[in-house]
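Me: I would like to go through this model and ask, for each label, what it rests on. Please set the values against the definitions.

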Amino acid sequence: MADAQQLILAGADERDLARLDEYKAVGGYAVLERARGMSREAVIEEISNAALRGRGGAGFPMGRKLSLVQPPEVAGKPTYVVANADESEPGSFKDREILRRVPHRFIEGCLIAAHAIGSTNVFVYIRGEYLAEYEVLKQAADEVRDADLLGGVTLVIHRGAGAYICGEETALLDSLEGKRGQPRPRPPFPPIAGLYGAPTLINNVQTLANVPIILELGVEEYKKIGPEASPGTVVYSLSGNVERPGNYELPLGTTLRELIYEHGGGIPNGRQLKAIIPGGSSVPVFTPDEIDTPADFDSIQAAGSFLGSAAIIVVDDRVCMVQLALRAEKFYMHESCGKCTPCREGTRWMVQLLDKIETGRATHEDLDLLRGICNRIEGRSLCALGDFAVWPVRSYIDKYRAEFEAHIDEGGCPYGGESSIEGVMAPIDQHTHSPVAEVPA
Amino acid sequence: MSLRDEIREAAAPYPDQQSGVMSGLRLAQNAYGGWLPREALEEVANALELTPAHVQSVASFYDMYHLAPIGEHVVEVCTNLSCALVGAQQVVDRFSEELGVGPGETSEDGKVTLRTIECAGGCGYAPVVVVDHRYREPTRPEDVAGIVADLRNGNG
């Protein structure tokens with residue numbers, strides 16, 4: 001991966017950039033100082049002109065988000081920067097690498113963003129499982145504080161405790177306020193009323209790490225990389241049935257073929273490619289004939305799916321698609337926060353119907369029912385989890401329908417126990433969700 | 001420092017001390033041997049001036065808070081898509097054989113709880129196993145016996 005043009009992870013192969021002195025040796029925090037000498041509007045204009053799109057999943061332009069945040073003097077209250085480090089989309093492990101290897105680039109981005117919205121409070125919400133990453137980030141934050149680089153900003157690292165939904169921005173805000181992580185109705189959007197009801201900028205780790213890069217390179221140089229509508233690089237997370245899985249930082253718009261075959265080394269053991277999940281488990285699947293799609297926001301969307309968090313999961317021909325759908329759906333059932341009925345009840349129905357199909361107890365009417373339920377969950381929940389629960393399953397049915405029908409016609413799984421994910425178990429929550437036990441005497 | 005003071009100190013950087021409930025629960029869980037009995041929830045509630053009901057509503061929402069007793073060590077195997085595709089279930093099966101229990105259960109000697117978990121964010125280094133909050137990536141079925149032996153012998 002050293003041959004690729006790196007921005008986010010630049011220098012991390014040669015130096016230990018988790019250390020402040022090493023990061024400063026490559027020019028780190030010089031841009032922060034320059035940004036603090038600029039007006040807020042000028043910083044926002046740079047980010048807007050660079051057309052930086054959010055790397056967390058939705059691809060929303062960061063410049064627009066910045067300009068929507070009411071400044072403290074207008075809002076009449078403090079404003080907040082919240083960094084979303086709750087990476088939990090299945091297939092995604094990019095933020096983890098950024099936090100471990102270039103934490104200062106990320107912190108510098110947070111501090112520039114704070115200047116741009118006139119905020120003196122940065123909260124980093126890091127998923128609870130990322131203990132090693134928390135330790136690195138904490139160390140980096142302590143170094144920044146001791147070196148007097150905070151410039152009056154308070155930087156708080158908040159650890160999550162295991163809930164996929166908290167990657168959703170409004171659920172994250174509720175969690176940060178000390179509640180169950182459940183999404184809020186919108187509007188109002190976080191730039192108007194976010195954390196503690198105050199104007200809040202909330203961005204993904206990788207998005208924020210792009211900010212010092214844009215200011216350092218300048219808009220013109222930055223825009224030379226990747227497609228015009230979404231410039232820059234992205235850290236693609238490649239996983240599944242591929243020879244060399246891992247993170248690959250490449251220009252946006254790299255094709256799925258180049259990622260899987262050139263960088264990833266192709267499918268191991270002489271197997272055939274069966275399916276590509278282009279943006280984390282929640283997006284519609286691609287078949288092998290869609291492999292030449294460039295992996296950027298607009299191209300993937302034009303082809304009917306989403307780039308999401310740029311997490312590409314490769315599936316080979318040993319995998320039963322009904323089993324894959326069932327495993328994915330059990331995840332969404334488990335992670336549904338329970339607030340909205342279509343998502344809470346619908347995910348359970350979907351699991352029951354998929355289980356019926358996999359075990360050969362389903363009729364063709366059941367398959368139609370499952371397909372129909374998808375359309376009645378989509379778009380009917382406060383957040384996108386309801387959509388995420390539908391998109392993979394519906395796309396598996398539509399693109400691999402013969403396989404679903406074979407389960408029904410043959411009265412069971414045509415793989416006859418030979419699918420590579422046969423019997424895979426979803427979590428059992430005996431220790432977390434059982435009623436509070438009496439203390440042993 | 002007392003647990004109460006630790007909980008309050010962790011809540012201090014927030015504009016509203018209710019935000020300290022998650023760190024408070026983590027501190028209490030560590031202090032109470034890895035899980036949260038009713039007393040622990042009450043202690044968090046009292047320290048932050050919240051109701052025990054609110055604290056319990058938070059504790060029951062997140063997977064990393066344990067509301068039932070748990071083993072001295074916790075082994076967690078990710079079985080989400082990327083791990084499943086490269087043999088996570090074989091790793092689960094090996095742990096089950098070694099420990100004599102299924103996922104969600106604790107070995108008879110009380111030493112090790114086995115859990116299956118959702119995506120831990122190690123998809124490129126799959127299958128991912130997390131032992132006492134430390135990632136072991138990748139873990140193959142042939143690594144399992146050694147991991148269990150280390151935990152049983154106190155070298156975990």
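Reply: A term first: pLDDT is the predictor's confidence in each residue, from 0 to 100. It is needed here because this is a predicted model.

Me: What pLDDT does chain A average?

Reply: The average for chain A is 95, and 97% of the residues score at least 70. Over residues 435-441 of chain A, however, the pLDDT is below 50, and this stretch has 9 contacts in the model beyond near neighbours in sequence. Where pLDDT is low, the predicted coordinates should not be read in detail.

Me: How is chain A divided into domains?

Reply: Chain A has domain 1 (20-222), domain 2 (233-316) and domain 3 (321-420). These bounds come from an automatic or database domain assignment. The C-alpha centres of domain 1 and domain 3 of chain A lie 36 Å apart. The contact between domain 1 and domain 3 of chain A takes 10 residues from domain 1 and 8 residues from domain 3. On the domain 1 side, the residues divide into 6 nonpolar, 3 polar and 1 charged.

Me: What makes strand S5 of chain A "mostly covered"?

Reply: A residue is called buried if 20 or more other C-beta atoms lie within 10 Å of its own. In strand S5 (residues 233-240) of chain A, 8 of its 8 residues are buried, so by that cut-off the strand is mostly covered.

Me: How do you know that S5(A) and S6(A) pair?

Reply: Two strands pair if DSSP finds at least two bridges between them. S5(A) and strand S6 (residues 246-251) of chain A have 6 bridges, in the antiparallel sense, so they count as paired. Leu238(A) has Gly246(A) as its bridge partner in S6(A). A hairpin of 5 residues joins S5(A) to S6(A). S5(A) also runs parallel to strand S8 (residues 311-316) of chain A, with 4 bridges between them. There, Ser237(A) has Ala311(A) as its bridge partner.

Me: How many residues of chain B are in contact with chain A?

Reply: 53 residues of chain B are in contact with 60 residues of chain A. Among the elements giving two or more residues to the chain B side are helix H2 (21-31), helix H3 (38-48) and helix H6 (88-99) of chain B. The residues of that side divide into 27 nonpolar, 19 polar and 7 charged.

Me: Why does the length of H6(B) agree with that of a helix?

Reply: At 1.5 Å a residue, the 12 residues of H6(B) should span 16 Å; the end C-alpha atoms are 17 Å apart, which agrees. After H6(B) comes Gly100(B), with a positive phi near 75°.

Me: Which residues of H6(B) are buried, and what do they pack against?

Reply: Ala88(B), Gln89(B), Val91(B), Val92(B), Arg94(B), Phe95(B), Glu98(B) and Leu99(B) are buried. The buried residues of H6(B) pack against strand S1 (73-78), H5, S3, strand S4 (129-131) and helix H7 (144-152) of chain B.

Me: What makes S2 and S5 of chain B edge strands?

Reply: Chain B has an open sheet of 5 strands in the order S2-S3-S1-S4-S5, with mixed pairing. Strand S2 (105-106) and strand S5 (134-136) of chain B each pair on one side only, and are the edge strands. S2(B) and S3(B) run antiparallel and are joined by 2 bridges. At least two bridges are needed for a pair, so S2(B) and S3(B) meet the cut-off. In this pairing Thr106(B) stands opposite Thr113(B) in S3(B).

Key:
Residues are numbered from 1 along each chain as its sequence is written. Chains are lettered from A and ligands numbered from 1 in the order in which they are written. This is a predicted model: local features need pLDDT of at least 70, side-chain atom pairs count only at pLDDT 80 or more; totals for chains, interfaces and linings use all residues. Two residues are in contact if their C-beta atoms, placed from the backbone, lie within 7 Å. Ala, Val, Leu, Ile, Met, Phe, Trp, Tyr, Cys and Pro count as nonpolar, Asp, Glu, Lys and Arg as charged, and the others, Gly among them, as polar. A residue is buried if 20 or more other C-beta atoms lie within 10 Å of its own, exposed if 12 or fewer, and partly exposed in between; C-beta atoms are placed from the backbone. The expected span of a helix is 1.5 Å times one less than its number of residues.
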